[in-house]
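Welcome to this short briefing. Take a moment to look over the sequence and the 3D view, and then we can walk through them together.

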There are 2 protein chains.
Amino acid sequence: MAVIDDLTGELSRLPGIGRKTALRLTYYLLKRPPEEIQRLARVLEAVAEQVRPCSECGNLSEHDPCAFCANPRRDPSAICVVEEAADIGAIERTGQYHGRYHVLGGRLSPLEGINPEDLNIAALLRRLGNGSVVREVIVATNPSVEGEATALYLQKLIGPLGVRVTRLARGLPVGGDLEYADGVTIAEALAGRREL
Amino acid sequence: MAVIDDLTGELSRLPGIGRKTALRLTYYLLKRPPEEIQRLARVLEAVAEQVRPCSECGNLSEHDPCAFCANPRRDPSAICVVEEAADIGAIERTGQYHGRYHVLGGRLSPLEGINPEDLNIAALLRRLGNGSVVREVIVATNPSVEGEATALYLQKLIGPLGVRVTRLARGLPVGGDLEYADGVTIAEALAGRREL
């Protein structure tokens, strides 16, 4: 049973997958044709071999520069700064943003020992340096305490360079319910109210 | 992004893993060292290559015969019949059973077009044939309508061979609550009541 146990063990290391789910997945896979298991194995191999951070923006990609940095049709005058590469997908799905990205690889968190030098900030400053065409940096860190602190830190760093620094609006989520919204969100929504 | 999308696609084919979970797992894996992703890929390859049904009992194993069939210390006079290889683990964890196993690979379900010839029944009959030392077949199919029907079918088939056919007791699960037990389970528990 060794390789079966190994598979269950490896699967149960994934986040949100406990021992029971790992067992269920293992026996599901065991019932599939071997080619199907091999396809999953091969795509994992390909990811492990080929995917690296983009040297320009830090996005995870099998190409360097990544598809966003290499695309001449993406507006080079705007950079949207996100915590993780996964956040890019969330913004792309809106179809409303056509600029470039920059992935920090986390957020400032002194409690967890994550300081500015642990994030991909030097590369961001390089992109804003001499001859830069960037006019706006949109900070899209998460609306958490750490995300806020990171946004403020970037604002202090980048503002003096003459680049406009903005951040995503905060307020009530569309489809949400005022009755169940937390006080901080309502306060932000009030503070950011706009003319109808 | 092709291989990243491929990985998300493959992961979202797994049961209970939707597109969002697949994305989360993908980005989790992308943040791990490549060696860790490769370890998962290799164990999947090993499973795809090495794990096959045991020709004796149908259990999934990298050895043929499997560890249970090959173990001379497992009582050869008892065979416990289960629907899936995964069920063996559940019985083994009790530590109360020391006989052999037989995996049907499913249960009878005319509605889904699963008939006796689709299950691993011929091999079971071979094990009970000439010169067999088997004295008891414990039918441990699931306590569902299909599992019951499968148990009754096996009883009719095997009973005439002079082998004792038993099935797991049904009743209140230990730690369960009478108030929340369903009527059928309580009826079975009543019918199967024992002297204190």
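In which strand of chain A does S77(A) lie? S77(A) is part of strand β3, which covers residues 75-82 of chain A. Keep in mind as you read that this is a predicted model.

**Getting to know S77(A)**

- Is S77(A) buried or exposed? Its relative accessibility is 14%, and the cut-off for buried is under 20%, so S77(A) counts as buried.
- Leaving aside residues up to four places away in sequence, S77(A) touches V133(A), V134(A), R135(A) and E136(A).
- S77(A) and I37(A) are 40 residues apart along the chain, and 44 Å separates their C-alpha atoms.

**Where chain A meets chain B**

- How many residues does each chain bring to the contact? Chain A brings 47 residues, and chain B brings 47 residues.
- The size of an interface is often given as the accessible area lost when the parts come together.
- Here, the area buried between chain A and chain B is about 4,300 Å², and carbon and sulfur atoms give 70% of that area.
- Three residues stand out on chain A: V3(A), E10(A) and L44(A) supply 13% of the area that chain A buries against chain B, more than any other three residues.
- Between the two chains there are eight residue pairs in polar contact, with both residues at pLDDT 80 or more.
- Several elements of chain A each supply at least two residues of the side that touches chain B: α1 (2-11), α2 (19-31), α3 (34-50), β2 (60-61) and α5 (85-92).
- Which element gives the most to this side of chain A? The answer is α3(A), with 16 residues.
- Sorted by class, the side of chain A that touches chain B has 28 nonpolar, five polar and 14 charged residues.

**How the two copies are related**

**Salt bridges between the chains**

- Side chains of opposite charge can pair when their charged atoms come close.
- Four salt bridges are counted between chain A and chain B.
- A salt bridge joins the side chains of E84(A) and K31(B), at 3.0 Å from N to O.

**Salt bridges within a chain**

- Over all chains, the structure holds 24 salt bridges.
- R127(A) and E56(A) meet through their side chains in a salt bridge, with 3.7 Å from N to O.
- Why does this pair tie together parts that are 71 residues apart in sequence? R127(A) lies in helix α6 (residues 121-127), while E56(A) lies in the loop between β1 (52-53) and β2 of chain A, so the bridge links these two parts.
- E112(A) forms a salt bridge with R107(A), and their closest N and O atoms are 3.1 Å apart.
- In chain B, the side chains of R170(B) and E188(B) form a salt bridge at 3.8 Å from N to O.
- That pair links distant parts of the chain, 18 residues apart: R170(B) is in the loop between β6 (164-167) and α8 (183-191), and E188(B) is in helix α8 of chain B.
- R170(B) counts as partly exposed at 26% relative accessibility, and E188(B) also counts as partly exposed at 26%.
- Over in chain A, salt bridges that share partners join E148(A), R167(A), R170(A) and E188(A) into one network.

**Two cis peptide bonds**

- Most residues other than glycine have a negative phi, and most peptide bonds are trans.
- The peptide bond from D64(A) to P65(A) is cis, with omega near 5°, and P65(A) sits in the loop between β2 and α4 (67-70) of chain A.
- The peptide bond from D64(B) to P65(B) is cis, with omega near 0°, and P65(B) is in the loop between β2 (60-61) and α4 (67-70) of chain B.

Notes: Residues are numbered from 1 along each chain as its sequence is written. Chains are lettered from A and ligands numbered from 1 in the order in which they are written. Side-chain values use heavy atoms; hydrogens and water are left out. Contact means heavy atoms within 4.5 Å. Buried area is the accessible area (1.4 Å probe) that two parts lose on being put together, summed over both. A polar contact is a pair of N or O atoms within 3.5 Å; within protein, one must be able to donate a hydrogen and the other to accept it, and residues adjacent in sequence count only if both atoms are side-chain atoms. Helices (H or I, at least four residues) and strands (E, at least two) are DSSP runs, numbered from the N terminus. Ala, Val, Leu, Ile, Met, Phe, Trp, Tyr, Cys and Pro count as nonpolar, Asp, Glu, Lys and Arg as charged, and the others, Gly among them, as polar. Buried means under 20% relative accessible area, exposed over 50%, partly exposed in between (1.4 Å probe, protein chains only).
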